[in-house]
Amino acid sequence: MPPDRLSFTAATAIVVASMVGTGVFTSVGFQLADIPSGFPILILWLIGGVVSLCGAFCYAELGAMMPRSGGEYHLLSRAYHPLVGFLAGWISLTAGFAAPIAAAAKLFGSYTHGIVPGLNETALSVGLVLVIMGVQLCHLRFIERFQLGFTILKVTLVISFIFGACWLGQGRWDLLQPRPGDGVYFLSKPYAVALVFVMYAYAGWNAASYIAGEIENPARNLPRALIIGTSAVTFLYIALNAVFLVGAPWQEMTGNMQSALIAGRAIFGQRGGDAMGTLIAFGLVAHVSAMLFSGTRVLRVMGQDRRILRSMTYTNAVGAPWLAVLVITVVVLTLMLTGTFDQLLLYIETLLLGCSLLCVLAVPWMRWRQPGLERPFRVPLYPLPPLIFAAVVGWMLFSLVIRRPVETAWGAATLVVGVVIYFLDRAGRRPEPGAES
């Protein structure tokens with residue numbers, strides 16, 4: 001394998017680490033506020049997994065057909081128009097990577113402070129970001145080993161938590177059974193908003209597309225990493241949330257972002273719960289690392305195409321895009337110190353869901369527009385996956401606009417800034433033969 005390419009195992013680890021971040025450890029507390037029933041909440045996590053897998057199928061077809069790093073920036077530029085791709089890349093910088101990293105770092109600080117109250121929560125969060133920034137300035141082989149090690153730790157702790165809770169817990173499994181009146185929740189607007197929290201937890205299922213250009217044999221390994229990583233995380237999420245619901249007091253979890261810590265203490269006692277909370281906190285290290293790695297690669301690809309971002313291609317002696325790493329780190333630290341957790345989460349998802357929807361719809365668009373292109377991977381059961389994804393995500397976006405207009409307005413403002421930057425870049429470019437329009 002060439003020294004500057006990631007293995008299939010590393011690509012899958014990045015997908016898993018990108019997904020298993022803050023959402024699965026915090027979402028159930030927010031869901032219980034509007035959906036006080038176990039069965040509909042578990043169905044939420046199943047729906048999230050199915051929708052994410054449908055999206056992964058679509059990204060796999062596009063990514064294998066057009067294997068370049070950049071994710072939505074590259075794919076939407078090719079499928080629709082450079083402006084659409086640029087806005088997707090801009091969203092990746094602000095909401096796609098920086099905001100989830102900020103949320104994960106805040107959760108790391110919150111969990112660690114909850115276990116050791118004497119430690120400063122903000123200092124812990126900032127310290128984690130700075131350490132991961134240092135890792136991302138190292139050689140690709142070191143980053144790969146670091147990512148694999150912490151991802152294995154993360155998955156091990158989640159599985160250990162699940163099996164330990166089933167073995168030692170005294171939970172009421174009947175809480176997960178359907179109850180009279182559950183049907184009301186499924187078509188309600190609060191259910192759609194709750195699904196936003198679930199989809200935030202699944203965010204990262206498309207992570208391998210952001211680093212396609214650095215994966216060995218992307219036509220084969222990119223689809224495998226996306227599909228296997230997403231499927232594995234779906235099983236983990238359903239099992240983990242079942243344990244939370246049967247093992248912890250709902251009144252304590254409701255509206256609380258420390259759901260996993262509360263469940264751990266309820267199941268294993270104070271010391272055991274604190275130990276699991278510590279493992280969960282350090283499991284977030286892999287998530288922050290994966291997101292920062294992917295984000296810098298998107299920014300570097302944008303710098304290759306855009307004069308205004310050309311400095312993002314600058315690399316250090318070992319080939320790491322040092323300025324891109326620094327820029328995203330600064331944005332992360334800024335976001336960490338502003339906004340509440342749930343506002344940050346909904347702002348993230350409003351933008352990311354829109355980008356993902358456009359990318360999924362690019363599959364039928366490209367099949368119609370360029371049917372002759374070689375497609376090493378084709379979406380199975382087509383056209384069901386893009387239709388399912390579009391229907392669910394469209395419903396979620398409509399509900400978000402109606403119920404959370406402030407966060408939606410933040411998203412619109414982010415897009416306006418991106419449009420301004422795009423045209424500033426075009427205004428400063430010299431026309432070239434065959435330049436994109």
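Which residue's side chain does a polar contact join to that of T296? The legends below take up this point and others in a predicted model.

View 1. A polar contact of 3.0 Å joins its side chain to that of R297. T296 has 0% relative accessibility, so the residue counts as buried. Beyond neighbours within four places in sequence, T296 is in contact with P321, A324, V325 and I328.

**View 2. The crossing of helices α1 and α7.** Helix α1 spans residues 8-19, and helix α7 spans residues 140-168. Their axes come within 9 Å and cross at roughly 50°. The angle therefore makes α1 oblique to α7. The crossing is left-handed. On the α1 side, T9, A10, A13, I14, V16 and A17 make the contact. On the α7 side, the residues are E144, Q147, L148, T151, K154 and V155.

**View 3. Helix α16, residues 384-403.** The 20 residues of α16 reach 29 Å from first C-alpha to last. That is close to the 28 Å expected at 1.5 Å a residue. Buried here are P385, P386, F389, V392, V393, M396, L397, S399 and L400.

**View 4. Helix α17, residues 405-427.** This helix has 23 residues. From its first C-alpha to its last, α17 reaches 33 Å, close to the expected 33 Å. Its buried residues are E407, T408, G411, T414, G418, Y422 and D425. An α-helix has 3.6 residues a turn, so residues three or four places apart point the same way.

Methods. Residues numbered from 1 in each chain as written. Predicted model: local features only at pLDDT ≥ 70, side-chain atom pairs only at ≥ 80, totals over all residues. Heavy atoms only, no water. Helix = DSSP H or I, 4+ residues; strand = E, 2+ residues; numbered from the N terminus. Expected span 1.5 Å × (residues − 1). Buried < 20%, exposed > 50% of the residue type's maximum accessible area, 1.4 Å probe, protein only. Polar contact = N/O pair within 3.5 Å; in protein donor to acceptor, adjacent residues only side chain to side chain. Contact = heavy atoms within 4.5 Å. Axes fitted to C-alpha atoms, helices over the stretch in contact; angles between N-to-C directions. Parallel < 35°, antiparallel > 145°, perpendicular 65-115°, else oblique. Left-handed = near helix turned anticlockwise from the far one by under 90°.
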